[in-house]
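I opened this entry to look up where the ligand sits and what lies around it.

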Amino acid sequence: MSDRILMAPSILSADFTRLAEAIELVEAGGADYIHIDVMDGHFVPNLTIGPPVIKSIKRIATKPLDVHLMIDNADSTIDWYLDAGADSVTVHVESCPHLHRTLMRIREAGASPAVCVNPATPVDAIIEVLGMVDMVLIMSVNPGFGGQAFIGRAAEKVSELAWMCGELGIDPLIQIDGGITLETAPLVSAEGARVLVAGNAVFGQSDPVAAMQAIRVAAQAAIV
Ligand code: DX5
Ligand code: ZN
């Protein structure tokens, strides 16, 4: 497992009227990915952005687009996001009955497949596909909104996942999403999380770049 913390600021908490500026700012400040939250009002109780906006972001972004699909019908609409320019596509085990096929499709299209578990889903639920993905996302809030409080049990789930991966001899990146702050980031990096999504703790701050960099430093310091 790499010791490097990667930062994936979530534009969900950015000013949507000035998205390009927000993205350019965090890219210049060292963001490793741009995290894009797609919500459909069905799988989660919120609506955000979809393929046309991703396509526009792709024209200006220089970092990989990390597209997190919180939607009901990802199995049948996955190509929309691949065509829009997603570099990494994360799908939820809870919403994909044909998860294996969907992850294969993402890989075939040349993007990076990732799978996600909600707070109520045990990490065991993804054991059959763990070897197929480049990244696993552990949700540390119930998906749908930015600015929610971190669910502490997520740190234990990161640890369980890291152990499972060790047993299987695989090394996907472990990503965490929801309630990540200066205080919570070290709790998950210590257990093996390496990609930190942060929305409110970056774009909700007066200096998003300083905030993002501070979270990275705090998370990095907790890696033993
Ligand atoms: C929540 C989204 C997150 C969200 C995180 O459903 O998946 O990516 O933007 O926001 P914070 O970091 O504010 O909890
Ligand atoms: Zn997300």
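This is a predicted model: local features need pLDDT of at least 70, side-chain atom pairs count only at pLDDT 80 or more; totals for chains, interfaces and linings use all residues.

Entry 1

Entry 2. I looked up the surroundings of ligand 1 and found 20 residues around it. The closest are Ser-10, Gly-144, Gly-147, Asp-177 and Gly-199. By class, I listed 8 nonpolar, 10 polar and 2 charged residues in this shell.

Entry 3. I then looked at polar contacts of ligand 1. One of its oxygen atoms is 2.8 Å from a polar backbone atom of Gly-199. For Asn-200, a backbone N or O atom lies 2.9 Å from an oxygen atom of the ligand.

Entry 4. Which pocket does ligand 1 sit in? I found it in the largest pocket. The elements giving two or more residues to the ligand shell are β2 (34-39), β3 (65-70) and β8 (195-198). Strand β2 gives the largest share, 3 residues.

Entry 5. I recorded about 260 Å³ of space in the largest pocket. Its lining has 26 residues, and Gly-146, Gly-147, Asp-177, Gly-178 and Gly-179 lie nearest its centre.

Entry 6. The second largest pocket has a volume of about 160 Å³. Helix α1 (residues 19-28) gives the most to its lining, with 3 residues. I counted 5 nonpolar, 1 polar and 3 charged residues in that lining.

Definitions and conventions. Residues are numbered from 1 along each chain as its sequence is written. Chains are lettered from A and ligands numbered from 1 in the order in which they are written. Side-chain values use heavy atoms; hydrogens and water are left out. A residue is near a molecule or strand if one of its heavy atoms lies within 4 Å of it. A polar contact is a pair of N or O atoms within 3.5 Å; within protein, one must be able to donate a hydrogen and the other to accept it, and residues adjacent in sequence count only if both atoms are side-chain atoms. On a 1 Å grid over the protein atoms alone, a cavity is a set of points where a 1.4 Å probe fits but cannot get out, and a pocket is an open set with protein on both sides within 12 Å along at least five of seven lines; lining residues have an atom within 4 Å of a point. A molecule sits in a cavity or pocket if more than half of its atoms lie within 2 Å of its grid points. Helices (H or I, at least four residues) and strands (E, at least two) are DSSP runs, numbered from the N terminus. Ala, Val, Leu, Ile, Met, Phe, Trp, Tyr, Cys and Pro count as nonpolar, Asp, Glu, Lys and Arg as charged, and the others, Gly among them, as polar. Grid points are joined across faces, edges and corners, and a volume is the space filled by probe spheres set on the points.
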